[in-house]
Structure formats: structure tokens, C-alpha cells
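Colleague: I would like to go through the labels used for this structure and hear what each one rests on.

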Amino acid sequence: MKKILGRILILSSFVTLVGGLAVFLVITYFSLSLPKIANLADYRPPIKSQILSKDGVVLAEIGLEDRDIVEFKDIPKSITDAFLSAEDSGFYEHTGVDYLGVMRAMIANLKAGRVVQGGSTITQQVAKSLLLSRERSITRKIKDFLLAQKIEKRFTKEEILFLYLNQVYLGGGYYGVKAAFRGYFEKDLSEATVAESALVAGLLVAPGKYSPYVNPIYAKKRQSYVLGRMYANEKITKQEYEDALKEKIKYRLRKPAPFKAGYFTEHVRQVVVDMVGNDEFLQNGFKVTTTLDYELQERAEKEIAEGAREIDQRQGYKGPLRKVDLATFEEGFEKFRKELYESKSLYFTLSEDNQREYEITYKVDEAKQIIDAQKEVRAKFYSSRYQPGYIEDDQLLSNLDKQSLYEAVVVGVDDSARVIYVSIAGVTGIIPYSEFRWAHERVIQEERQFFPYVTKPSSILSKGDVVLVKIKKMKTTLLEESWSAFKDNIQKSKDYKTISEQSYVQCSLEQEPEVQAALLSVNPHNGEIVSLVGGTDFEKSKFNRALQSKRQPGSSFKPLLFAAGLENGYTPSTIILDTPEALGGNDESLNWKPRNYDGGFKGPMTFRESLEHSRNIPTIKMTLDLGMTKVFDFLNRIGFDAEMPKDLSIALGSFGVTLLEMVESYSIFPNGGKKITPKFITSIIDRDGKEYVYELNKTAEPNTEGVAKEEEKQEVVKEEVSAQIEIPSELQEEKNPYQEHLNEQQLYDVRLSYLMTNLLKGVIQNGTGRGGKWVSNFIGGKTGTTNSYVDAWFLGFSQNIVTGVWTGFDDNKTMGWGETGSKSALPIWAAYMKDSIRKYGESDFKVPLGIINVYVDKKTGKAINDERNGFLESFVEGTEPGSKQENSFFKKQQATGPSTEIFEDDEYFNNQ
């Protein structure tokens, strides 16, 4: 017996030893494979990146996870208590694993026959969420146990809670308590109530199941459970417990958050992503500070929308959206109002039966009461031509705004009063003559046509038509809005007393424009992009017409040719013939007889007048005189790298170019001939403070490799020839004095730059741009209109801002007769520039050394001594009329006249 007992004892000892060894080996094995976390610096959860305007406005927040890291000391005790009560009430007692808690959970689960309770501590949850996979396995559970204990040894309890409360997923896309409280309640953590803390803590176990947005009943039950645990753990008093149960929580309504300044912001996002990688950008908390002036950007977007609207209305009315039955259209009032109130509301609460109650609440039978009240008024009218106004205490009134477009139903049309009555879900509006007279038949063609104002509203609309309207004024009367000749009829009417008691909203007839427009504005001294609008609506079309669309610039390209002319011997007083003789060129394949926009000719005219009035023939003759070599030498030097044909057609802007390229080129004038590099971003910094440097859209450097090789060849040839023949000095080419001091930064002579600003001021003061004269006396610019009114441009500048505007259709169809740069683009440009000048100041362009002012006859360009009738013109000193020009370069240029070779007809360029 003793032997048996001894053997059993030996065997049990052996089993214990083997078991202990096995446990040791398992622990050792898994310990070696555990991930490492040395300190809190290793905690690097994904955080969002931000794109900011120059003035600190958040244009976009982009990331895989919506998370904001918050220090533990900044988390209120009520939030910490709520999470501990809900998840781990013994957190401060255990060392990572709560063994009693695990046993309780096992017993509870066995009794229920399913998993109803978990035994994981907060430390284990930290281990799982930060360092381990989400797999459900014994292996993962063992690692869970081991790692939790290692974490407890490495970190303090507060550090563990810091990790936990910043890491946990709490539904709605929110990670961590800071993001959750902002997302659910639009509150900072310091503003959190006990009730809100309990609700958020209750989400952790199953964010989808307990979401107040998805399952408000479950959310309330879970919140009650957490509050009960807080009370049981003596974290709150009985009174606080009862008050929290009764508290009506306000939940933030989740609404789409589109990019601000969409076209600009999306371009910046793409550039940074290309630079650092998409995953890095989404997870590494970049702060991208841009050059955008958000105040001016808002103005730019407003003017682009308004400008497109005006062009669209000149093109005519597309007609009503649809038709409804007036006998039943009031049935839609309730739906319209509820949807509008919801869209206007910022939060909702839950009623006793857990139904949503929005910040702006639809009142019981609200629509019916409005309808009944209007029927009472309608019954008082003797004539059916009049419509009752709105009800003064209708809450829909205070929730309508002047920026939005609303669908409205036509409820009456009065040709004699020239008004259209509409109903916006029960709010009666009047569209007066001034706000619908534009709505003629929609015909868009390049041939001249005349459409008289629409005087009879019945010719365009009838009762039951659904139309788009915009509210212009919140309160008006029929007497105010009626046609002047009809006012006496109203005052003599039996209904006058009732009419005088009615109030209406004044509306305009609207439609969604199809035409597009773009604006780009830059600081000419540092290249910073101030505003960028790539289309009328970023949400409808992401195509960026300011950066991606290549359109023909038409006459807006002329200033670059005139700048080349000044560099090659022309002066503001040089006479150029605007005559109908045929022209010839050096390219036999290009033969045409161009004409001016108006089809006429003005004879001899000065260089200035040719530019101010955008005359085609003088521009072509000057270009022909300069020759393609000199023109392209200038364009290449200033970085204008659009793809262009090597012929005279460039004189009329018949090639594709982006708005950015045009604005960049114009910038050399107010910037004294210096190069700019367009700049969208001022800094890119990641979460660790590392700064990234990237030059965006760097101005294309002239390709000098081929030129250098060609120059080397020429030098070799010159050496070979000079060895055989001595070239007389008078036949050697004279150097251009305007190019002697140019370098990589100074691309154009500073004196000529000033002359160009002065000439382009004349375009606005006296020429095709005079529609912008009201903006300032110290601005310059140029219109541009392409063949068949397909593209309309205005490019211009003040001392501190250069802005370009383009308008047109994406499919290159005509915008209609007369839609020129001065009519379509200039109004947008002028309204925007007025605000930019208000913000950045107004001053005349600085006169450099070497400029002389002389009174000239503006028609002949000759100097005169009559200040009263003369025009004060600026010249580079030594080139003014009557001067004795010593430089043989200028003598030669002045002696050179335009070619008189013959050209044949080519209709393509006739209407430029």
C-alpha cells in the first residue's frame, strides 16, 4: 500500500512538474511574441489631417478615424467614472486581470446559455485595441491576459486610462471621448453632463446597437444601466442619478460637411497626397496651411454664382420644372415643412415615446391651420384675381432665407398687374415684373437676335406650374409690386381694404444655370493664390476649370504680344494701320483676311488705342512685323508654355490655355517684370512637427538645353565663317537694350512693365474694359472674347492683386450673341476686385527710373504743348516723340515697317 501511495505521490509530483513546466513554456512562448510598448510616445493612433486657409479657417478635415487626442487631466471625472462603472469598477484594485470578474462572467454566461457578460478589464481592452488583433481565439485571450499585466507594470493607472479613453470606438465614426462628445453633442468635454457621460460610456459595448440615432430605446436602457452602476459605486448622489435619468439630451444632427472652397481645397489635397501618400495623409495628422484668403474666397464664389446666373438669364427661360394639381398640391405642405425644419435644425431630442423632436419642431396640424387661415382670407375677396398673403405668425417664414432656391407652386397669374403669385408651402410670394421679365424664349445662337422683355406672365407660366424662386424681400405688398399703371385699379377696387392687409414675400424667378465660370486671384509679389473658384458648383462638378480647362484666350492674350512689341522698338505712340489691305506672312499654309470685331477699320491709330479698343488688324500687323522668333522668345522667357501654333493665328488667341497660366503671365506687369511661382501652400507639418517643403505648380522654366546647343552651333559657325570672311560691324546684330539686365528672376524690363500697366489702365479708363472703371482709378486689365462667343475672359490687376475670370460652356458651344468678355466676365471681376482693393489697399503703380511723361495727341501720337487737349503719355526715356534716339537698335526698329505681302481669305479668324 505504501508503495502504491508513493508511486501515486511521485506521479502526481511529476504531473505537477510537467504541468508547471508546460504553463511556464506557454507563458514564455507567448511572452516572446507579445508586441512591445515602451512608453506613451509609442501611442500613435490614426488622426485626421486638416487643410486650413491663410486666416485659420478649417477648409477640410480628412482621416480614416475621427479622433482628437486629449490629455487625461482634461477629461472630467464624471466621464472617467461613467466608463469605469460601465466597464471596470475594480480598475484601481486589480493588476490587469480581474479573476473574480472572469468567474462571474463565466457563471452568468453558463446560466444564460449565451454570452451576456464579459470579464475583460479596461487594461485588457487597451491591450486588445492597441496591440493585438480582433480574432476570437484562445491564443489571443492568453496574449490578452499576459499583455495586460505587462501594461500594468509599465504604466500608471492614469496613463492606461489616457490610452483607453482616446482609443475606444464609440460609434458614429468617432474614436475617443473627445471626438464622441463633439460628434454627438457638439460639446467640449468640460461641458459634459452626467447623463451625457453615461450615454457615451454605454455605447462602448455595442456602438451600433445602443446608438441613440439608430436604437433610441436601447440607448436609453443602456444609459440607465450605467447611471445605476455609477450610483451603486457612489460616483453620483441619488439626486444626480434621478436628474440624469430625467435630462433631455440634445443630440447633434449629423450633416454632410463638404469642403470649404471645394476646388481649391481638393487641389491642395491631391498635391499633398501625391507628395506624402494617401495612407500617410489620412492617418498622420497633417496640418496644411494654405495661401487662401477665405473672406475673399467667399466673395469670389458669390460673384461666380451670380455672374453665371445673369448669363443664364440672358439666354432665356427653360420653363417650369413640372406641373401639379392645384386641388391637391397643399398635401405636400407638411412634408416640405418637416424636411425644411429638419435641415435647419442643428440638434434633436427624444420624446417620451423615443421619437425625434427637432430643434425646429413641426407643430401639430401646422400646415392645415395655414391653409384654413388663407381660405378665410380668400373668401373675403370679391375678385378671384387676388391671392391671400402669408399668415404673420407662420413659423416657416423665419426659416426661409435669401440665399437658397425654393420650389414654389404658381397659384395665380395677373397680366394686368404684371405679377405672378406663388406659394412656398403656404407662404405666399409675389414675383414682380422686374423679376420675371428676363424669361424670354430660350434660344442660344451666335447670330444677333432681339428678345423684348416678357410683359405678360401668362405667356410663360400658368397655375400649377412648379418653379424655382429666390426670396428677395421678406415683406412686401401687392401695391408695391404691381405694375405702375395698375396701382390705381387696386386702390379703387372693392378689395382694397383686404388687399392692404395682406403681406407677401417678394421673389425672383430662377433656374439652375448651365453655363460655367471660373476665377483665380494671385498676389503678384509672392505668387500666393488668394482665391480660386473652378466652377459654379463643386458638389455638382469636380472638374477644375481654373487649373484643368484649356480654353482659347482670344483678345486677352493681346497684352503679351503688345509687351513683346514694346520690347522690340514699339512705343505707346507708334502708329499702326487699321486698314483693310490684305496681309501676308512667312507661312504659306496660313492665308486669311482677318477683320475687327465690329467689321470696320479705323485707319492709322496709336499703339495705345489699338490695345484699348482691342483692334485685331493692328495686333496682327505688329505680330507680323515682330516675327514669330521674337514673339516666342518673349513668351518662352516669361514661362508662357501653352501649346501654340507657330503662325500669326496666335495674335487672335486661337489656342488653349488655362486660367492659371493667363493670370501668372499678367502678374509680371504689376510685379515690375519679375517672375512669380504660383503658391497654394505655405506649410505642411505632420503630427511630429516635421515640415515638408514642396513648390506647387512651379512656373515652367524655359527649356534652355536646345537653345544652348543651338547657340553652340552658331558660335562654331561664326568662328568658321569669321576665319574666312570679316563681317562689317554695321551688319552685326545690335543687342536689345531691354534685355541686357534680365536674369532668371527679372524676366521683363521694369520700365516696360510700367508702360504695360499704364496701357492696360487705359483699357479700363477708355477702352473695352470701361465697365470696370467704377472699381478704382488704379487698375488695369483686358477683355477677351473668342470666335462665336464661346469663351469670355477678363484679366486684370491692381497693385496688389491679379485676377482672371473665364466664362463659357464646358462643351464649347456658344454662349449667345453679345456674350463678350466685357459683358460676361468683367462684372464678376469688377465686383470681386472691389472687395480685394478694400482689403489689400489701393495705390497707383510705382514709376521706376527711366520713365518720362510727355503730352501727346492721342490720335497721332505726336508731342504737343497743349495740356488741356493733350494726353499725358509715359515713355521709356529716350523713346518719347521728338527725342534723339542714339541707340541704333531703336533706329532700326523705327525704320522697319509691317510687311505688305498678300494673304487670302480664311473665315476661321474673321470674327475674332
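Colleague: Why are α13 and α26 called roughly antiparallel?

Modeller: This is a predicted model. In it, α13 (residues 294-314) and α26 (residues 821-840) pack at an angle of about 160°, with axes 9 Å apart. Angles over 145 degrees count as roughly antiparallel, so α13 and α26 get that label. The crossing of α13 and α26 is right-handed.

Colleague: Which residues make the contact between α13 and α26?

Modeller: On the α13 side, E295, L296, R299, A300, E303, I304, G307, I311 and R314 take part. On the α26 side, the residues are K823, S824, I828, A831, Y832, D835, S836, R838, K839 and Y840. Sorted by class, the contact of α13 with α26 has eight nonpolar, three polar and eight charged residues.

Colleague: What makes α9 and α10 roughly antiparallel?

Modeller: Helix α9 (residues 216-232) and helix α10 (residues 238-246) pack at about 175°, their axes 10 Å apart. The cut-off is again over 145 degrees, and therefore α9 and α10 are roughly antiparallel. K220, Q223, S224, L227, G228 and Y231 of α9 meet K238, Y241, A244 and L245 of α10. That contact of α9 with α10 has five nonpolar, three polar and two charged residues.

Colleague: What is noted about phi of E234, and where is E234 placed?

Modeller: E234 is in the loop between α9 and α10. Its phi is near 60°, a positive value in a residue other than glycine. Most residues other than glycine have a negative phi.

Colleague: How do you know whether E234 is buried or exposed?

Modeller: The relative accessible area of E234 is 71%. Exposed means over 50%, so E234 is exposed.

Colleague: Is Y789 buried or exposed, and on what value?

Modeller: Y789 has a relative accessible area of 11%. Buried means under 20%, so Y789 is buried. Y789 also has a positive phi, about 60°, although it is not a glycine. It is in the loop between β21 (780-785) and β22 (791-797).

Colleague: Why is E441 called exposed?

Modeller: E441 has a relative accessible area of 56%, and the label needs over 50%, so E441 is exposed. E441 is found in the loop between β12 (427-432) and β13 (465-476). Leaving out residues up to four places away in sequence, E441 touches Q315, G316, Y317 and F451. E441 and F451 are ten residues apart in sequence, and their C-alpha atoms are 8.0 Å apart.

Colleague: Why is α2 described as largely enclosed by the rest of the structure?

Modeller: Helix α2 (residues 77-87) has eleven residues and ten of them are buried, so it is largely enclosed. The buried residues include S78, I79, F83 and L84.

Colleague: What makes α19 mostly covered?

Modeller: Ten of the ten residues of α19 (residues 558-567) are buried. Among them are charged residues K558 and E567, along with L560, L561 and F562. After α19 comes G569, with a positive phi near 105°.

Colleague: What do the totals for the chain say about burial and contacts?

Modeller: Of the 912 residues in the chain, 51% are buried. Among contacts with a separation of 6 or more, 74% join residues 24 or more positions apart. The accessible surface comes to about 44000 Å², with 51% of it belonging to carbon and sulfur atoms. The chain has 27 helices and 25 strands.

Methods
Residues numbered from 1 in each chain as written. Predicted model: local features only at pLDDT ≥ 70, side-chain atom pairs only at ≥ 80, totals over all residues. Heavy atoms only, no water. Axes fitted to C-alpha atoms, helices over the stretch in contact; angles between N-to-C directions. Helix = DSSP H or I, 4+ residues; strand = E, 2+ residues; numbered from the N terminus. Parallel < 35°, antiparallel > 145°, perpendicular 65-115°, else oblique. Left-handed = near helix turned anticlockwise from the far one by under 90°. Contact = heavy atoms within 4.5 Å. Buried < 20%, exposed > 50% of the residue type's maximum accessible area, 1.4 Å probe, protein only. Areas by Shrake-Rupley, 256 points an atom, 1.4 Å probe, with all protein chains shown as cover.
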